[in-house]
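Me: I am new to this structure, and I would like to learn how to read its packing. Could you take me through it step by step?

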Amino acid sequence: MRGIFAAGVLDVFMEKHEPLFDFALGVSAGATNLAAYVTEQPIRSKNVILHYATRREFFNPIRLMAGGHMTDVHWLWHYADKKIPIERTRISHGLPLFVGVTRVDSGQAEYIRVNEQNLDEVMVASCALPLVYRHQPEINGIPYVDGGAADAIPVRQAYAMGARDITVILSQPLGYEKKPAKAPWLLEKMFKDQPKLLNTMLQRYAIYNETLAFIKAPPKDCRIRMIVPDESFAVKRLTMNKDKLIMGYDMGRQLALDYLSSPSDKAA
């Protein structure tokens, strides 16, 4: 649900037709936000989060206790696509969109360029958060889970792909650092038969914090600009309060406008 901030940022980018980018790269909720961005569908992500992601069909803790999904990302993606269809031809022919997923057998991140044919399976896989989404979606017969497990902020991958002027939209205030898993025993129990994925899950906090260090001190040939919510951002991962979500969206819009009004901060 923290993706509501980026939804506000990207809506302003679409309305203003700037800044211009060579490609987009995202994981999990960031990837679904970018799907609306590269297809030029403003307000889509806002409506999906506010009106569909707050429904019991998506978020249901009782269902988890009964052996089902707490967050049914398959339902959310497909239901939203039925209600507000993604402009699929633009997925293949518009701004290139790369989506991060975590491969189960290796525990490593992979980055797949989405197109009309693979869009559904890649998006569901990138959002399939372990533990709360019971299935491990397959792409070409290979199981994957949430892209954020192995690489929550794929800025180093953007650099590896040649980007040297990078705009990063974060969903946590500056100064946030991820802590080690609170219940490593649960992860060990759930993923004992998938040791490489387990190792990635246990090291997720370290990978995340290493990425933050890269953002703060990028290579000399790279410029990184950030759009980050401030400390008053009240949206958590599973916030269902619509007033808080709207405030988070509005914050994203305002900070995007501030970003675009500062010439020194615009991407080239």
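**Packing inside the model**

Reply: Leaving out residues up to four places away in sequence, L97 touches A24, A31, L34, A35, V38, I112, R113, V114 and M123, where a contact means heavy atoms within 4.5 Å. This is a predicted model, in which local features need pLDDT of at least 70 and side-chain atom pairs count only at pLDDT 80 or more, while totals for chains, interfaces and linings use all residues. Residues are numbered from 1 along each chain as its sequence is written, and side-chain values use heavy atoms, with hydrogens and water left out.

Me: Which residues have the most contacts inside the largest nonpolar core?

Reply: A nonpolar core is a set of buried Ala, Val, Leu, Ile, Met, Phe, Trp, Tyr and Cys residues joined through side-chain atoms within 4.5 Å, and buried means under 20% relative accessible area with a 1.4 Å probe, protein chains only. Here the largest such core has 56 residues, and F13, L97 and M123 have the most contacts inside it. Helix α1 gives the most to this core, with 8 residues, helices being DSSP runs of H or I with at least four residues, numbered from the N terminus. A second, separate core of 17 residues includes I153, A163, V168 and L170.

Me: Which residues of helix α5 are buried?

Reply: In α5, residues 73-83, the buried ones are V73, W75, L76, W77, Y79, A80 and D81. Their cover includes α2 (29-38), α3 (44-52), α6 (88-93) and α7 (119-126).

Technical notes:
Buried means under 20% relative accessible area, exposed over 50%, partly exposed in between (1.4 Å probe, protein chains only). Helices (H or I, at least four residues) and strands (E, at least two) are DSSP runs, numbered from the N terminus.
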